[in-house]
Each structure stands twice: as C-alpha cells, then as structure tokens.
Amino acid sequence: MMKVKQHPSQERLKELYHYCPETGIFTALTDRRRWKAGRIVGTLAKGYVQINTDYGIYRAHRLAWIYMTGIHPEEHIDHIDRNPSNNSWSNLRLATDAQNLLNRKANPSSRSGIKGVRRSRHKKPSYIAQIKKDGKSHYLGTFKTIDEAKAAYEAAGRVLHGEFFCC
C-alpha cells in the first residue's frame with residue numbers, strides 16, 4: 001500500500017514562508033539551503049507552481065489553502081480563471097471532481113472547438129448542442145448556426161452548473 005505524504009501544517013508553512021493573498025506568491029522568511037530570506041519560492045511544472053519543502057514537493061495552490069485556512073483539503077482546489085499558476089486567494093475555491101472538470105476548455109479533439117456543440121451529420125449545415133449533468137446527457141436542440149448552439153449550451157450551463165460553469 002502506497003503511503004500518501006502529508007502536506008505541511010499551517011504553523012510550519014508560516015514558519016517558512018510568507019504568502020501574499022493578492023498575488024498568490026510565496027516568499028521565504030529565512031535563509032535555507034538554496035534560497036535567501038525574501039526570495040520568491042517555487043518552480044513551474046506543467047503550468048502549476050510547485051514548492052519543495054520538508055522533503056516533499058507540493059503544489060502552491062494547495063499550500064495557499066492550508067496557509068489561509070489551516071485545513072488540509074480533501075477536495076480539489078480549483079483555479080477560477082483556469083490559470084494554474086495564478087494562486088491569488090480570490091482565484092481559489094474548493095471543488096468536487098465533477099465541479100473541477102466543468103472548469104476546463106473544450107476538448108482539443110473537438111471538431112467544432114466549442115464545448116457542448118457538434119456538427120450534425122445531415123447534409124445541410126446544422127449544429128447540435130448538448131450538456132451533461134450528473135453523468136446524464138441533455139439534448140438542447142439542433143441549430144442553424146454554431147453561435148445559436150453555443151448560446152443554448154451556455155444558457156443551460158449557467159442553470160445546471162452555476163458558478164462552476166465555464167465555456
């Protein structure tokens with residue numbers, strides 16, 4: 001069985017770093033092996049800021065949550081603006097798996113390039129809009145233009161998914 005490494009406590013984080021809620025940046029409070037006090041800490045990996053501390057590498061958005069709340073989140077920490085390196089406090093929120101998946105761009109393999117919209121297989125150009133909620137697909141209609149289909153998807157998304165909806 002694999003052992004999951006525990007994140008540092010809020011107390012430990014506040015001994016090591018200062019977190020600026022407005023910018024989302026962590027700075028060192030003391031001199032350590034590779035950095036001086038006042039230095040910005042963290043490296044970028046796959047778009048996320050990671051911080052190496054106490055023999056572990058942790059994502060900065062999770063450390064920010066612990067730093068600000070003292071809670072080790074079991075859920076996802078979602079970046080509202082979909083920018084994984086923007087760790088400002090106003091850009092972070094708790095999210096379930098389903099909510100976290102809503103806040104993403106259209107699948108790169110999408111031929112229409114728009115979430116929830118696909119071209120109809122019929123000869124005349126038309127577009128089908130559909131949306132999922134709780135694993136169930138909801139047909140929203142067939143539309144003459146891609147813009148009409150997109151508008152239908154966005155309207156349904158705001159109703160079904162609320163603040164986590166993103167198009």
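View 1. Two strands count as a pair here if DSSP finds at least two bridges between them. Strands are DSSP runs of E with at least two residues, helices are runs of H or I with at least four, and both are numbered from the N terminus. A quick word on what you're looking at: this is a predicted model, in which local features need pLDDT of at least 70 and side-chain atom pairs count only at pLDDT 80 or more, while totals for chains, interfaces and linings use all residues. Residues are numbered from 1 along each chain as its sequence is written, and side-chain values use heavy atoms, with hydrogens and water left out.

**View 2. Strand β5 has two faces.** In a regular strand the side chains alternate between the two faces of the sheet. Buried means under 20% relative accessible area, exposed means over 50%, and partly exposed is in between (1.4 Å probe, protein chains only). Now look at the turn: β4 and β5 make a hairpin with two residues between them, and Asp-54 in that turn has a positive phi of about 50°.

**View 3. Three strands make an open sheet.** The order is β3-β4-β5, with antiparallel pairing. β3 (43–45) and β5 stand at the edges with a single partner strand each, so one side of each has no neighbour in the sheet. From one strand to the next, the twist averages 40°. Helix α2 (residues 60–69) packs on this sheet and touches β4 and β5, and its direction makes about 80° with that of β5. For these angles, axes are lines fitted to C-alpha atoms (for helices, over the stretch in contact), and angles run from 0 to 180 degrees between N-to-C directions.

**View 4. Helix α2 is mostly covered.** How many of its ten residues are buried? Eight of them are, including Trp-65, Ile-66 and Tyr-67. Just after α2 comes Gly-70, with a positive phi of about 80°.

**View 5. Ser-120 sits in a loop.** The loop runs between β8 (117–119) and β9 (127–133). Is Ser-120 buried or exposed? With a relative accessibility of 7%, Ser-120 counts as buried. Setting aside neighbours within four places in sequence, Ser-120 is in contact (heavy atoms within 4.5 Å) with Ser-126, Tyr-127 and Ile-128.

**View 6. Lys-150 lies in helix α4.** This helix covers residues 146–161. Lys-150 is partly exposed, with a relative accessible area of 33%. Leaving out neighbours within four places in sequence, Lys-150 is in contact with Ile-114 and Val-117. Lys-150 and Lys-115 are 35 residues apart in sequence, but 7.9 Å apart in space, C-alpha to C-alpha.

**View 7. Zoom out to the chain that holds these close-ups.** There are four helices and ten strands in the chain. Its C-alpha atoms fill a box of roughly 70 × 30 × 30 Å, taken along the principal axes. Buried residues make up 34% of the 167 residues.
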